[in-house]
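Reader: Please show me the model. I would like to go through its pockets and its ring contacts.

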Amino acid sequence: MVNELTVVVLAAGGGTRMKSKTMKVLHPIGGRTMVGHVLAAVQEVGPDRVVAVVGHQRDEVGAHIRSLVPDVVLAVQETQDGTGHAVRVAVEAAGTTSGTVLVAAGDTPLLRGESLRAFAEDHAASGRAVSILTGVVADPHGYGRIVRDPDGLVAAIVEEKDADDEQRAIREINSGILAFDATFLVDALPRLTNDNAKGEYYLTDTVGLARTAGLAVGAHVLDDVRQTEGANDRVQLADLGRELNRRILERWMRDGVTVMDPATTWVDADVVLAPDVTLLPGTQLLGATVVAEDAVVGPDTTLQDCEVGEGARVVRTHAQLAVIGAGANVGPFSYLRPGTRLGAGGKIGAFVETKNADIGDGAKVPHLSYVGDAEVGEGTNIGAGTIVANYDGVDKHRTTVGRHARTGANNTFVAPVTIGDGASTAGGTVVRRDVPPGALAVSAGTQRNLEHWVFARRAGTAQADAAERALGAAGAAGAGESGGGTSGGRDVSHGGRGGVGQTDDGGGES
């Protein structure tokens, strides 16, 4: 345990190399902002207080940080005069005078809480004035170098621009994460100078001050030094994004999730997956998505802030803020908008769009339909080409379809309207009034066939030629029979069979 721990998160820099109107620490990666990842790691350590130093776009950055850590202390660095100046502003804002002060950068999204905790505990147990989280890298360019004395003790941290050739060859680097005895730090910060190549107040100069005072300085070497890498431009951000995703997928695979193709699968940091989930190529699971045991997602599927039930199957689908029940089937080419709830064993099929729709257990919307602001009861089948007309140009209205109803193909439900339990609607019906339970709604008129229409309106076309040949063949085959094989102008009706014109995903009536 670390007694009285203050964590300072540096988030004041503008990040000009990002070439973005968005502050560097607010750029998203793995479903969180960069500073969001750092704050999540910080919270795992259990600090007594968190201080965030803001500067550029302070209102936006500060509001975001406060949304993640409501009791954070926000310290404003009016001018970015270096890390030493930033930490001095933070310590003054927090009023910290005792305990341990841990300083972290806001642009290190791979940082893990367990690493930060081990570092803080090592510092507290050692009694050192200053501890530095370090790592050994193949290419130390851009980092401050850890200079050790002949006894192997840390003598100084030399920044890249101030290093000589011998120092630049050192491969042990300063991660930018440091821990201090608060009493020493409060005394040392006012004594920092800006006598260096950048004209800034370096926090790392506290090492020299501690050594001069005869106080202990030490390093905590982190084997996984990539955790401390920052992103200064979008190329580095993309590289960190790939690495973060690789780590997330590796963790889930080791916990029993099958990822068919890690190269094309992306899973955000806050996603939760159960054992025996299968993710097929081209899958993106974003935000706070939760997928239950034995579910299969993909290929080519994007789910954002969704819940997928046990044993469900979701293929080639885009969904946001939707709930998919256990054993349900979705897709291919389905679009589930916010507020969609699909019950257990239900189906949302090909080229179906839903929004703010509650589709009951075992209910099916198999194909080519729009269902918005609607409730579809248990066991109901919605015919192909159905449109729920939920908007009158001013307000949205709701449609209710009861349990075990059967609606025909190419229906339009003009909301608000209710179709009762066990009711049916015929193909092509426009439903403008409520349908009682068990009734059949029919709105289309009687079918009429206008004989020889094509010869009057399409004479000389391939269509007319085909009709002439067919009629000629029919006439020859029916020679000698009364009526000459024509319908004699008879009207052909819908037919009186209940549910005519319906479809289901079993390829039944149509």
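**Pockets and rings**

Author: Five elements each supply at least two residues of the lining of the largest pocket: strand 1 (5–11), helix 3 (83–94), strand 6 (100–105), strand 10 (172–181) and helix 8 (234–254). Helices (H or I, at least four residues) and strands (E, at least two) are DSSP runs, numbered from the N terminus. This is a predicted model, where local features need pLDDT of at least 70, side-chain atom pairs count only at pLDDT 80 or more, and totals for chains, interfaces and linings use all residues. Residues are numbered from 1 along each chain as its sequence is written, and side-chain values use heavy atoms, with hydrogens and water left out.

Reader: Which strand gives the most to the lining of the largest pocket?

Author: A pocket is an open set of points on a 1 Å grid over the protein atoms alone, where a 1.4 Å probe fits, with protein on both sides within 12 Å along at least five of seven lines; lining residues have an atom within 4 Å of a point. The largest pocket has 49 lining residues, with R17, K24, D107, K198 and N232 nearest its centre. The top contributor, with four residues, is strand 10.

Reader: What volume does the largest pocket have?

Author: A volume is the space filled by probe spheres set on the grid points, which are joined across faces, edges and corners. For the largest pocket this comes to about 1800 Å³.

Reader: Which helix gives the largest share of the lining of the second largest pocket?

Author: The second largest pocket holds about 470 Å³ of space. Of its 21 lining residues, L111, R112, L244, I248 and R251 are the closest to its centre. Helix 1 (34–45), helix 4 (113–126) and helix 8 each give two or more residues. The largest share, seven residues, comes from helix 8.

Reader: Are the planes of F333 and F351 stacked or edge-to-face?

Author: Rings of Phe, Tyr and Trp (its six-membered ring) pair if their centres lie within 6.5 Å; planes under 30 degrees apart count as stacked, over 60 as edge-to-face and the rest as tilted. The centres of F333 and F351 are 5.2 Å apart and the planes are at 15°, so the pair is stacked.

Reader: Which ring does the charged end of K396 sit over?

Author: A charge sits over a ring if NZ of Lys or CZ of Arg is within 6 Å of the ring centre and within 35 degrees of the ring normal. R251 lies over the face of W252, at 4.7 Å from the ring centre. For K396, the distance to the centre is 5.7 Å, and the ring is that of Y391.
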